[in-house]
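This report describes part of a protein model, going from one residue to its surroundings. Please look at the sequence and the structure first.

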Amino acid sequence: MAAPSWIQSLLNHRKNVLASMHMKCVSTRLRKYGLRFDDLFDPMEDMDIKEALRRLPREVVDARHQRLLRAMDLSMKHQYLPDDLQAKQTPFRSYLHDMISLIKKEKAEREALGALPLYQRTIP
């Protein structure tokens with residue numbers, strides 16, 4: 001279900017000054033550690049994200065893992081990336097969004113056809 005237009009305009013960073021300020025703040029904090037916004041999604045929390053990461057090419061998943069390890073290392077050392085490396089970062093370049101939307105479409109199609117889900121969360 002799509003959000004009403006007033007909510008979309010409220011969240012649009014091109015139309016709302018506060019959304020633009022928030023996006024700039026998030027971008028700055030991600031650049032300090034060399035992360036992308038998609039790196040913040042937790043595969044343990046959402047099974048769709050876990051499936052999307054499984055379907056991505058190995059190089060993309062390895063790059064994500066390296067970014068997360070570097071960010072944890074910098075955080076533990078109470079340091080940030082050097083300024084020249086921060087300038088090269090692209091925090092909002094998505095690599096996971098297209099795969100997640102494809103998985104959600106497949107999931108909706110399976111439910112519409114009455115098929116069993118591909119995966120279910122189980123409690124150990």
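## From a serine to a helix

Ser 27 is buried, since its relative accessible area is 11% and the cut-off for buried is under 20%. The model is a predicted one. Ser 27 belongs to helix H2, which covers residues 17-33. Leaving aside residues up to four places away in sequence, Ser 27 touches Pro 91 and Phe 92.

Phe 92 sits in the loop between helix H5 (83-88) and helix H6 (97-113). Its relative accessibility is 38%, so Phe 92 counts as partly exposed. Together with Phe 37, Leu 40 and Phe 41, Phe 92 forms a nonpolar patch on the surface, and the accessible area of the four together is about 350 Å².

The table compares the two residues by relative accessible area.

| Residue | Relative accessible area | Class |
|---|---|---|
| Ser 27 | 11% | buried |
| Phe 92 | 38% | partly exposed |

H6 has 17 residues and spans 24 Å from first C-alpha to last, close to the 24 Å expected at 1.5 Å a residue. Which residues of H6 are buried? They are Met 99, Ile 100 and Ile 103. Viewed down the axis of H6, the buried residues fall within an arc of 100°, so they line one face of the helix. An α-helix has 3.6 residues a turn, so residues three or four places apart point the same way.

Helix H3 (47-55) is included in what covers the buried residues of H6. On the other side of H6, His 97, Asp 98, Lys 105, Ala 112 and Leu 113 are exposed.

Conventions: Residues are numbered from 1 along each chain as its sequence is written. This is a predicted model: local features need pLDDT of at least 70, side-chain atom pairs count only at pLDDT 80 or more; totals for chains, interfaces and linings use all residues. Side-chain values use heavy atoms; hydrogens and water are left out. Patches are made of residues with over 30% relative accessible area and no salt bridge: like charges are joined within 9 Å, nonpolar side chains (Val, Leu, Ile, Met, Phe, Trp, Tyr) within 5 Å. Accessible areas come from the Shrake-Rupley method with a 1.4 Å probe; for residues, only the protein chains shown count as cover. A salt bridge is a side-chain nitrogen of Lys or Arg within 4 Å of a carboxyl oxygen of Asp or Glu. Helices (H or I, at least four residues) and strands (E, at least two) are DSSP runs, numbered from the N terminus. Buried means under 20% relative accessible area, exposed over 50%, partly exposed in between (1.4 Å probe, protein chains only). The expected span of a helix is 1.5 Å times one less than its number of residues. The arc is that of the directions from the helix axis to the C-beta atoms. Contact means heavy atoms within 4.5 Å.
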